[in-house]
Amino acid sequence: MEFHRPFKLYFVLSALFLTFLILAELTGSKWIQSFGFTMTIGVIPFPVTFIVTDLLNEYYGRRGVRYLTIVGMGMIVFAYFLIQLDLGIPAVSNSPVDDHSFQTVFANSGRVIAGSVVAYLLGQLLDIQVFHFLRMRTKNRFIWLRATGSTIISQLLDSYVVIFIAYFGQYEFETLNKISSTNFLYKLGIAIAITPVIYLAHSLIERYLGEDAKKLSERALKEGKEYQQPFPG
């Protein structure tokens with residue numbers, strides 16, 4: 001069976017998105033300091049998800065991104081249940097990682113993942129809406145505006161929701177607010193900094209897909225609310 005290039009591209013972008021999404025969720029319980037500011041280490045994998053979301057919005061429309069959003073949410077929940085299963089299995093005496101160390105890291109991830117499911121779903125749906133709103137209003141011009149604008153607005157919501165759900169009651173409000181603000185400012189800076197990368201990705205995709213790139217982009221723009229065929233053959 002031969003797979004067409006639009007399908008291959010969607011598959012690769014989806015794999016990248018899900019990989020970095022799960023990494024962000026599983027590592028989100030670790031806090032780090034950068035230039036004197038405290039934030040979660042989960043912000044490191046997120047730039048890749050920004051780029052992939054924008055590319056999927058651009059070429060596969062709302063339906064393509066919503067489908068991956070649902071799959072991503074399912075994978076986060078699945079990861080949570082796997083962690084709970086692993087926590088209940090005792091380590092052998094000579095295990096390189098003992099039960100206490102394993103639970104210290106991953107037991108805390110459960111609440112982080114719970115908060116992430118809510119924040120992720122709200123953020124992704126908002127990103128989709130803002131992206132296509134800006135795309136329609138600018139008549140498919142200014143890639144940087146719809147890519148950066150949708151990311152900034154969605155991550156403003158995501159940055160606060162995930163921290164407050166994951167750690168509310170464990171830390172003071174001021175601490176949570178500070179970490180949420182730092183996470184958002186970091187993501188804001190990254191969203192602006194990766195703009196050239198998004199243009200480069202567009203160029204590479206258009207070279208790879210050829211005429212299909214234009215067809216996909218036009219269909220995503222024309223249909224607006226619903227993308228009927230994410231894998232044209």
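Are Arg 146 and Glu 58 buried or exposed? Arg 146 is buried, and Glu 58 is too (buried means under 20% relative accessible area, exposed over 50%, partly exposed in between, with a 1.4 Å probe and protein chains only).

Some ground rules before you click. This is a predicted model, where local features need pLDDT of at least 70, side-chain atom pairs count only at pLDDT 80 or more, and totals for chains, interfaces and linings use all residues. Residues are numbered from 1 along each chain as its sequence is written, and side-chain values use heavy atoms, without hydrogens and water.

**Stop 1: helix α2**

Select residues 46-87, helix α2 (helices are DSSP runs of H or I, at least four residues, numbered from the N terminus). Its end C-alpha atoms span only 26 Å, while a straight helix of 42 residues would span 62 Å at 1.5 Å a residue. Now center on Tyr 60. Here α2 bends by about 130 degrees (the angle between axes fitted to the seven residues ending there and the seven starting there).

**Stop 2: Glu 58**

Show the side chains of Glu 58, Arg 135 and Arg 146. They are linked in a network of salt bridges (a side-chain nitrogen of Lys or Arg within 4 Å of a carboxyl oxygen of Asp or Glu). Glu 58 pairs with Arg 135 at 3.2 Å between the closest N and O atoms. That pair joins helix α2 to helix α3 (residues 99-137), 77 residues apart. Arg 146 meets Glu 58 at 2.9 Å, N to O. Arg 146 sits in helix α4 (residues 143-167), 88 residues from Glu 58.

**Stop 3: Lys 187**

Finish on Lys 187 and Asp 158. Their salt bridge has its closest N and O atoms 3.2 Å apart. Lys 187 lies in helix α5 (residues 173-193) and Asp 158 in helix α4, so the pair ties together parts 29 residues apart in sequence. Lys 187 and Asp 158 are both buried.

Conventions. Helices (H or I, at least four residues) and strands (E, at least two) are DSSP runs, numbered from the N terminus. The expected span of a helix is 1.5 Å times one less than its number of residues.
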